[in-house]
Amino acid sequence: MNPPAAGLPPRTAEPRAAARFALLGVGGAGLGALRRLRESGLEGLRFVVADTSRQSLAQAGDAHRVLLDGGSRGLGSGGDPVLGRAAAVAGAEAVLAACGQPDLVLLAAGLAGGTGGGGAPELARRLRASGVRVLGFGIMPFRFESHRRAAAAERALAELRAACDTTLTLDNDRVLAVTGAALPLDISLRVADEVLRQAAVGLYGLTRRQGWLNVDLSLLYGLLEGGGDACLALGIGRGEAPAQGAMHAAMASPLSNMAALAHARAVLAQIVGGDLELGDTEDAIALLRQRLPSDCRIVTGAAPDPNLKGAAQVLLLGVGLAGPARMPLSWRRQPEGLEGMPGRLRLDLQQGAYVMDAPPLRRVV
Ligand SMILES: Nc1nc2c(ncn2[C@@H]2O[C@H](COP(=O)(O)OP(=O)(O)OP(=O)(O)O)[C@@H](O)[C@H]2O)c(=O)[nH]1
Ligand SMILES: [Mg+2]
């Protein structure tokens with residue numbers, strides 16, 4: 001059996017409430033993202049994959065599978081979103097059934113594909129119509145793919161955003177910016193899918209933690225319902241003031257454009273740590289507050305995590321942004337340190353988070 005994913009509480013922990021999350025991967029990219037997520041050992045979530053390609057579904061491991069067929073005969077849609085949508089209409093009931101009766105569906109799809117671009121918005125609409133909250137992850141193509149695919153993905157993104165409660169836009173190009181181009185493709189894609197993993201680990205972990213400051217499920221769902229455009233990051237900090245380090249790491253994550261927090265309507269910030277101090281926690285929230293509009297609603301949570309000795313982890317979710325949190329085209333590799341921060345950021349694929357390796361950060365006050 002896979003070890004528990006970093007960031008999740010031990011399996012023996014009693015859930016606070018039975019949150020039912022389903023992860024739904026639509027098309028090849030969605031399916032691949034879920035497969036990699038599963039390999040990283042997420043327990044307790046329902047995995048569902050839906051595709052027009054029989055061959056691709058054969059690689060879905062033990063996930064619930066749905067073959068979408070609206071005339072594509074199990075051969076894929078060949079990049080045709082019209083065919084992708086027809087297939088989703090035909091398979092929607094089966095997808096709803098495979099998801100169980102979830103409170104929240106995390107739906108991921110590559111929007112340049114026919115199945116992902118045409119099918120995912122259709123499935124999101126139908127899930128919502130049946131009363132399920134949908135958090136969508138729209139994966140945008142690499143720039144080296146064709147203009148035609150880029151344009152198709154933009155159209156699909158507009159549809160996905162209209163169909164989901166809350167949408168995170170993931171640019172595959174971020175991978176090149178974060179890692180450089182010399183990584184094996186599978187690792188690159190792991191990085192590309194990292195925000196989805198962080199969301200699944202972070203949000204599901206949040207529903208299971210028994211904390212000092214609990215974020216009620218109703219609060220979480222309230223943020224996600226009609227959340228619109230969103231950004232999300234996990235950060236880890238160590239040193240003298242780990243919560244502040246973790247907050248910096250999350251706010252500087254190059255995987256989701258966290259600068260978009262400047263226009264957020266509401267933000268969820270959950271801080272967990274081995275030995276959190278009140279002062280450090282307060283200062284971390286103060287750091288966040290500086291980046292937010294003055295009327296932004298902040299929902300905070302704090303919980304102990306014995307696995308994080310001498311470290312803290314922050315989950316940040318901003319909703320109600322001014323538009324999709326895209327990476328600026330000019331964005332390049334992460335600089336060694338950040339302005340005003342002595343630490344060095346690095347992506348830790350084992351922990352699945354951006355880690356601020358401090359030279360210890362002094363308390364702000
Ligand atoms: N992050 C990530 N992106 C992927 C992956 N596979 C494909 N992509 C991206 O997703 C886009 C759509 O590709 P697919 O998901 O294979 O297409 P599809 O949805 O299966 O649609 P059809 O094959 O046309 O029916 C591609 O253009 C890539 O940009 C993956 O594993 N991870
Ligand atoms: Mg495909």
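**Reading the terms of a predicted model**

Helix 1 (27-39), helix 4 (114-129) and helix 7 (185-192) each supply at least two residues of the shell around ligand 1, where helices (H or I, at least four residues) and strands (E, at least two) are DSSP runs, numbered from the N terminus. This is a predicted model, in which local features need pLDDT of at least 70 and side-chain atom pairs count only at pLDDT 80 or more, while totals for chains, interfaces and linings use all residues. Residues are numbered from 1 along each chain as its sequence is written, and chains are lettered from A and ligands numbered from 1 in the order in which they are written.

User: What makes a residue count as near ligand 1, and how many residues surround the ligand?

Analyst: A residue is near a molecule if its C-beta atom, placed from the backbone, lies within 6 Å of it. By that criterion 27 residues surround ligand 1, and the closest are Gly 27, Gly 28, Gly 32, Gly 110 and Gly 113. Helix 1 gives the largest share of this shell, five residues.

User: Why is strand 8 described as largely enclosed?

Analyst: Seven of the eight residues of strand 8 (residues 266-273) are buried, so the strand is largely enclosed by the rest of the structure.

User: How do you know that strand 8 pairs with strand 9 and with strand 10, and in which sense?

Analyst: Two strands pair if DSSP finds at least two bridges between them. Strand 8 and strand 9 (residues 297-304) are joined by eight bridges and run parallel, with Gln 270 opposite Gly 301. Strand 8 and strand 10 (residues 311-319) also have eight bridges, in the antiparallel sense, and here Gly 273 stands opposite Ala 312.

User: What makes the unit of strand 8, helix 11 and strand 9 right-handed?

Analyst: A crossover is right-handed if, with the strands pointing away from the viewer, the path from the first strand over the helix to the second runs clockwise. Strand 8, helix 11 (residues 278-291) and strand 9 make a β-α-β unit of this right-handed kind.

Note on methods
Buried ≥ 20, exposed ≤ 12 C-beta atoms within 10 Å, placed from the backbone.
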